[in-house]
Amino acid sequence: MFEVEPTSAAPTFRPEFNSDPRILHAQALKSPRVDRSIYNNLITLYSKNNLLDSCLRVFNQIPSPNIVSWTSLISAYSNSPRSLTFFLSMLRDPLLPNQRTLASLFKTCVSLPHCLFFGLSLHALSFKLSLNTQPFSGSALINFYTKYRFPENARKVFDEMPERDEVCYAAVIVGLAQNSKPLESLSLFAVMKSCNVRSTMYSVSGALRAVADLAALEQCRMIHGHAVVTGFDKNVIVGSALIDGYGKTGLVSDARKVFDENIDVMNIVGWNALMAGYAQQGDKDSVVELFQLMENRGFVPDEYSYLAVLSGFYNAGLAGEAETWLNRMRVEHDIEPWLEHYTCLVGALGRAGKLEDAERIAMTMPVKPDAAVWRSLLSSCAHHGAADMALRMAKRLLELDPNDDSAYSIAANVLSIAGRWIEVAEMRKSMKDRRVKKEGGKSWIEVKGNVHVFWAGDRRHERTEEIYAELAELMKEIEKLGYKPVWDEMLHEVGKSEKREALWYHSEKLALAYGIVSEVAPPGKPLRIVKNLRICKDCHEAFKYISRVIEKEIIVRDVNRYHKFFNGSCTCGDIWNGDEDGGEILEMGLGQWD
């Protein structure tokens with residue numbers, strides 16, 4: 001309400017007594033004199049009630065708008081292009097922005113399409129006005145750069161800030177995690193804690209996202225402990241991130257525990273995260289059970305809910321169920337499938353050997369197939385030895401991306417298995433002519449909270465000699481048990497001894513050997529390895545035997561799913577397309593496309 005103070009004719013603005021800005025506005029109009037600050041506050045109140053036309057009417061009643069007035073109006077229209085128009089009008093007034101004005105404008109540039117260059121111009125202006133290092137404008141600028149996929153620029157803005165509060169740290173931690181820089185994100189989270197800057201739900205959830213990308217279990221547990229101490233473990237955003245983190249590190253049981261503890265406050269994001277965790281394990285029964293429980297509790301499934309279910313069927317290789325659920329999302333919930341949903345169906349059909357059906361779906365679905373669809377079909381063709389169809393899929397993939405290394409390597413592998421060496425040579429020549437470089441396969445393992453990364457043939461680790469000696473011993477032991485190298489993906493020009501050496505020193509094998517020599521997994525605990533590509537056929541075969549030799553469970557998270565090796569078998573049931581990796585021969589230099 002408004003009260004007239006004895007010493008002033010202007011009313012005192014106390015919006016907390018009434019949430020309806022129209023009533024407050026009416027009271028202001030009855031007052032003999034209204035201060036400009038009251039109009040500024042009315043603009044803010046109208047914007048919070050989504051009454052934007054009223055915001056503009058109030059602004060037009062201000063005789064001499066100041067920077068607060070303009071900032072209030074610009075903030076009210078932060079999701080509209082009019083915000084940028086008002087800013088230009090302000091500059092002509094002429095008034096210069098403050099850090100809150102720029103913060104709102106950077107938010108506008110993120111929410112609207114095609115605003116990158118406007119945002120860059122704002123950064124230049126903020127630099128001239130020495131506002132780029134201020135907390136409000138600086139954190140908004142960090143968010144702007146991360147949303148436009150320029151994490152290095154965001155980090156540079158952060159490093160240039162003399163004083164960094166919890167909002168600045170949260171912006172850069174979340175931004176780096178969202179831009180596939182999990183190690184940098186976790187490093188900054190550690191720096192934030194060492195500087196005694198308090199955590200927020202956003203910085204904790206951002207760090208957990210980084211942990212999920214790395215599948216770093218120990219880091220996940222440490223951040224969970226930090227969340228408990230700071231009281232964020234009961235926050236729905238942090239809780240959902242914990243579920244995602246544990247799910248992607250392979251401990252779905254721990255993810256379920258967090259979920260059950262927070263089920264009363266859990267939103268659809270948390271339900272979807274847990275379903276995705278089960279799906280990545282190929283546990284489609286638990287995914288469906290959780291989906292039904294979610295519906296029973298009154299939640300309406302969204303696109304991500306169905307994506308988790310379809311991913312579960314995809315990883316389990318169940319094409320019929322995938323098709324049924326794709327139709328169900330249309331009929332029962334009027335949800336139009338995304339490209340990702342169709343990709344799951346195409347992949348499931350391909351794995352089931354229904355290659356023609358998978359191609360028909362890809363050609364007739366209402367959304368245009370992307371590279372992932374053709375790559376999935378290409379992998380399925382390789383898995384089933386369909387060389388002619390593999391060539392056709394590779395050509396479609398290369399039409400979308402002529403520099404896609406997987407198209408060349410997968411097609412070359414399936415052709416080499418079929419003994420079609422002339423076409424293999426043509427594929428290699430085409431790859432060389434276009435100067436296409438194969439993505440390097442790398443694997444990592446977490447030891448005492450530190451992540452150790454290995455490449456094929458890597459000899460940079462301080463314990464290299466021990467690692468190679470342990471691996472050589474393991475390979476001898478599994479050969480005694482009947483292991484035979486999988487030569488399918490090797491080029492026929494390579495000699496037998498070179499082939500053997502190349503297969504021995506794949507990145508996942510080196511990571512496994514290091515895990516053994518470092519004694520990272522005590523008795524009863526599994527060895528956990530992560531790979532950026534799909535695990536190759538030979539490593540998959542070798543790990544089944546190695547799990548017998550060391551009498552320990554080995555868990556590998558590749559780019560697609562989890563593989564749990566124990567006592568000579570894998571939970572994937574060998575229903576997976578290891579051909580997308582194409583082995584790591586190219587990394588070793590033995591099968592270079594030259």
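Trainee: Helix 21 and helix 22: roughly parallel or antiparallel to each other?
Mentor: Roughly antiparallel. This is a predicted model, by the way. Helix 21 spans residues 355–364 and helix 22 spans residues 371–383. They pack at an angle of about 170 degrees. An angle over 145 counts as roughly antiparallel, so the label follows.

Trainee: How far apart are their axes?
Mentor: The axes are 11 Å apart.

Trainee: Which residues of helix 21 and helix 22 meet?
Mentor: Helix 21 brings Leu-355, Ala-358, Glu-359, Ala-362 and Met-363. Helix 22 answers with Val-373, Trp-374, Leu-377, Ser-380 and Cys-381. By class, that contact has eight nonpolar residues, one polar and one charged.

Trainee: And helix 17 with helix 19, at what angle do they pack?
Mentor: About 5 degrees, with the axes 15 Å apart. Val-288, Phe-291 and Glu-295 of helix 17 make the contact with Trp-325, Arg-328 and His-333 of helix 19.

Trainee: What about accessibility for Asp-260?
Mentor: Asp-260 is partly exposed, with a relative accessible area of 42%. Arg-256 counts as partly exposed too, at 22% relative accessibility.

Trainee: Which pair links distant parts of the chain?
Mentor: Asp-264 and Arg-297. Their side chains meet in a salt bridge, 3.7 Å from N to O. Asp-264 sits in the loop between helix 15 and helix 16, and Arg-297 in the loop between helix 17 and helix 18. They are 33 residues apart. Asp-264 counts as exposed at 70% relative accessibility. Arg-297 is partly exposed at 42%.

Trainee: Lys-429 and Asp-433: buried or exposed?
Mentor: Both are exposed. Their side chains form a salt bridge at 2.9 Å, N to O. They are four residues apart in helix 25, residues 421–433, so about one helical turn separates them.

Trainee: How many residues of strand 3 are buried?
Mentor: Five of its six, so strand 3 (residues 442–447) is mostly covered; buried here means under 20% relative accessible area.

Trainee: In which sense does strand 3 pair with strand 4?
Mentor: Antiparallel, over six bridges. Lys-442 has Trp-455 as its bridge partner in strand 4. The two strands form a hairpin with two residues between them. Lys-448, in the turn, has a positive phi of about 55 degrees.

Trainee: How many bridges join strand 3 to strand 5?
Mentor: Two, and the strands run antiparallel. Strand 5 covers residues 527–531. Val-530 in strand 5 is the bridge partner of Trp-444.

Trainee: What about strand 6 and strand 7, how many bridges there?
Mentor: Four, again in the antiparallel sense. Strand 6 is residues 554–557 and strand 7 is residues 562–566. Val-556 stands opposite His-563 of strand 7.

Trainee: Zooming out, how many helices and strands are in the protein chain?
Mentor: The protein chain has 30 helices and eight strands. Of its 594 residues, 54% are buried.

Trainee: And contacts between residues at least 6 apart in sequence: what share joins residues at least 24 apart?
Mentor: That share is 64% in the protein chain.

Key:
Residues numbered from 1 in each chain as written. Predicted model: local features only at pLDDT ≥ 70, side-chain atom pairs only at ≥ 80, totals over all residues. Heavy atoms only, no water. Pairing = 2+ DSSP bridges. Axes fitted to C-alpha atoms, helices over the stretch in contact; angles between N-to-C directions. Contact = heavy atoms within 4.5 Å. Buried < 20%, exposed > 50% of the residue type's maximum accessible area, 1.4 Å probe, protein only. Salt bridge = Lys/Arg side-chain N within 4 Å of Asp/Glu carboxyl O. Parallel < 35°, antiparallel > 145°, perpendicular 65-115°, else oblique. Nonpolar A, V, L, I, M, F, W, Y, C, P; charged D, E, K, R; others polar.
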